[in-house]
Amino acid sequence: MRTKPEDRADTHRILTVGEVAKRAGVAVSTLHFYESRGLIRSMRSAGNQRRFPAAVLRRIAIIKVAQRAGIPLEDIGAALAPFPPDAKLSAAEWKDMSSRWRAMLEARIIRLTRLRDELDGCIGCGCLSLADCPLRNPGDALGREGSGPRILERPPGDRA
């Protein structure tokens, strides 16, 4: 679903960088960073000062929520790219955008849950060596599969 022209920001409602930072709850430097990454866009006043349409506040809120969920900025930028920077995203557009992240988040939840549940047994035993752990890795079978913490990094659904 594309944003309709009537959903575009009111071009008369323009905010300074300080106003945006205060209302969005981010530092001015964060706004500059987001702009340098193409996540938001400003225009310049006659005095070459940054000005933002009020709709940027919703875009920043989306960026912050996605970041809190652990979505990389590159993925956030790709999800926002189809929408004009001054667009006020609808609930349907947000749902479509966020649904693309669902599988990645589910896999991360599974990995983190497994890590939480197995960390004590895997690292807490004191040996700190999977090669010497007869319970978790007899004969260092996992070492033949590759490097790294093989048990903790196995794909979701795979049981060791």
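Reply: Helices (H or I, at least four residues) and strands (E, at least two) are DSSP runs, numbered from the N terminus. This is a predicted model, in which local features need pLDDT of at least 70 and side-chain atom pairs count only at pLDDT 80 or more, while totals for chains, interfaces and linings use all residues. Residues are numbered from 1 along each chain as its sequence is written, and side-chain values use heavy atoms, with hydrogens and water left out.

Me: In which loop is N48 found?
Reply: N48 is not a glycine, yet its phi is positive, at about 65°. Most residues other than glycine have a negative phi. N48 is found in the loop between β2 (43-44) and β3 (50-53).

Me: Does N48 count as buried or exposed?
Reply: Buried means under 20% relative accessible area, exposed over 50%, and partly exposed in between (1.4 Å probe, protein chains only). The relative accessibility of N48 is 52%, so N48 counts as exposed.

Me: What pattern does the protein chain follow along the sequence?
Reply: The protein chain has 6 helices and 3 strands. Read along the sequence, their pattern is β-α-α-β-β-α-α-α-α.

Me: Which residues does I60 contact, leaving aside its neighbours within four places in sequence?
Reply: Contact means heavy atoms within 4.5 Å. With those neighbours left aside, the contacts of I60 are V20, A24, V26, L31, Y34 and I40.

Me: Is α1 parallel or oblique to α3?
Reply: Axes are lines fitted to C-alpha atoms, for helices over the stretch in contact, and angles run from 0 to 180 degrees between N-to-C directions. Angles under 35 degrees count as roughly parallel, over 145 as roughly antiparallel, 65 to 115 as roughly perpendicular and the rest as oblique. α1 and α3 pack at about 45°, with their axes 10 Å apart. That angle makes α1 oblique to α3.

Me: Which residues of α3 meet α1?
Reply: On the α1 side, the residues are V20, R23 and A24. On the α3 side, they are V56, L57, I60 and K64.
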